[in-house]
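Please read them alongside the coordinates.

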Amino acid sequence: METERKSGIELLKIIAILLIIISHVSQTVGSGNPSLGGLDSNIATTNPQYIILMLFRHFGSLGNILFFICSAWFLCESGKKRNGEKILRIVFDVWIISIVYLFAFIIAGEDLSIQDIIKSIFPTIFSNNWYITSYLMLYAIFPYLNWIIEKMSQKELLTVNIVAFLLYYGVGYVYNSAFFANKFILFIVIYFFIAYIKQYMKNISANKKWNLCLLILGICGYIGIALTTNFMGLRINFLSTRVLHWSSMSSPFLLFVGIALFQIFRTNQFVNVGINRVAGLSLFIYLFHENILLRQYFRPRIFYYIYTNFGYQNIVLWVLGFAIILFIVAILIGFFYQITVQKWSGRFAKKIIRKITPLHDKWIEKLMEIN
């Protein structure tokens, strides 16, 4: 029951989605678009507001890490049980919301490119929201990851984590494409990290002082290296256009912040129905605020209006204000969608799974007979 869910982790999910929205809005403003003032967050600057916007860009990676840690924590204890209906339901919701946006923009007379139309028709295939696609892929294989983890000794799992950390949060942090790094691989790496923490670091992971130290280390590291790069970029041409190099899910500092915050919120035991309900809308908030057409056509126009009518003297406040409004509107739309359309999509997904499962089992049996 919803009232039985502990709200500490649910509150962290709400914070995570708000951080992601702030990052996405900052990305629109700092994209370097000439019509939006040409502000490029990847270029070194002495403007304090632009530096803050640059730091905001890291919030997206942090929010994604927080979300995934929350999911991985529970998937690690789910054994080998996978819910095919859940996968199909998410795919339907992603598609429905994407199609609704597509028709809305067409009706509004927007001149959409063929590429954007095709991407809107097949949102999951084209990873319009990469987190959703990566999560679906991870959710499809997590039982096998659990099986692998169960077969490992503590020493083996620790060794895997050390090597993965050095590759993807060490070398991969400096050189982003090293060892074929991508978001999906990073999800798997984090999954193994969380599995080890959950199985073998129960005492220290629940220690408030340990988590506070890890949190401070992560925050100081993320801010310190970003500000240092910006400062050096003002003096070294090579770094002048690489200020956002460290804004990625390969950041060990953002990972430290994510793990520390999760443990702090996890150990905060309280129940709040309102928080749980809003957290349950996270998927819809994500989909409604970061639709491909919304971010490419609507958000730029909003900030074009702000730039031409008010300028960027208070751009940080504009970004925060718009992000909060977008967050609230997405919650309201998400709640409406949940009590209306999702009920239909959920029933449809259940019927489809009932028809697919026997066929799947039948084909698997036939394939197993091939010698």
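1. In what follows, a salt bridge is a side-chain nitrogen of Lys or Arg that lies within 4 Å of a carboxyl oxygen of Asp or Glu. By that criterion, a search of the whole structure, which is a predicted model, finds six salt bridges, and the points that come next take up some of them.

2. Within helix α1, which runs over residues 7-29, E10 and K13 are three residues apart and are therefore separated by about one helical turn. Their side chains meet in a salt bridge with an N to O distance of 3.6 Å, and both E10 and K13 are buried.

3. The contact between R301 and E110 is a salt bridge of 2.8 Å, N to O. R301 belongs to helix α15 (residues 292-310) while E110 sits in the loop between α4 and α5, so the pair ties together parts that are 191 residues apart in sequence.

4. Salt bridges that share partners join E290, R295 and R299 into one network. E290 is buried, with a relative accessible area of 6%, while R295, at 23% relative accessibility, counts as partly exposed.

5. Helix α5, covering residues 114-121, contributes the largest share, namely three residues. W95 comes from helix α4 (residues 84-107), and with a relative accessible area of 43% W95 is partly exposed.

6. S127 is found in the loop between α5 and α6, the latter helix being residues 130-151, and at 32% relative accessibility S127 counts as partly exposed. The other is F180, where phi is near 55°; F180 lies in the loop between α7 and α8 and is exposed, with a relative accessible area of 72%.

7. How far apart are the end C-alpha atoms of helix α7, and what span should its 21 residues have? The helix, residues 154-174, should span 30 Å at 1.5 Å a residue, and its end C-alpha atoms are 29 Å apart, which agrees. Even so, α7 bends by about 25° at F165. The residues of α7 that are buried are L157, N161, A164, Y168, Y169, G172 and Y173.

8. Helix α8 has 18 residues, 183-200, and reaches 26 Å from its first C-alpha to its last, close to the 26 Å expected at 1.5 Å a residue. This helix is mostly covered, given that 13 of its 18 residues are buried. At the start of α8, a side-chain oxygen of N182 reaches to within 3.0 Å of the backbone nitrogen of F184.

9. Two serines have side chains with a polar atom placed by a backbone oxygen, and each can be checked directly in the coordinates. S345, in helix α17 (residues 341-368), has a polar side-chain atom 3.0 Å from the backbone oxygen of Q342, and S345 is buried, with a relative accessible area of 0%. S282 is found in helix α14 (residues 282-289); a polar atom of the S282 side chain lies 2.6 Å from the backbone oxygen of A279, and S282 is buried, with a relative accessible area of 8%.

Terms used:
Residues numbered from 1 in each chain as written. Predicted model: local features only at pLDDT ≥ 70, side-chain atom pairs only at ≥ 80, totals over all residues. Heavy atoms only, no water. Helix = DSSP H or I, 4+ residues; strand = E, 2+ residues; numbered from the N terminus. Buried < 20%, exposed > 50% of the residue type's maximum accessible area, 1.4 Å probe, protein only. Expected span 1.5 Å × (residues − 1). Polar contact = N/O pair within 3.5 Å; in protein donor to acceptor, adjacent residues only side chain to side chain. Bend = angle between axes of the 7 residues up to and from the residue.
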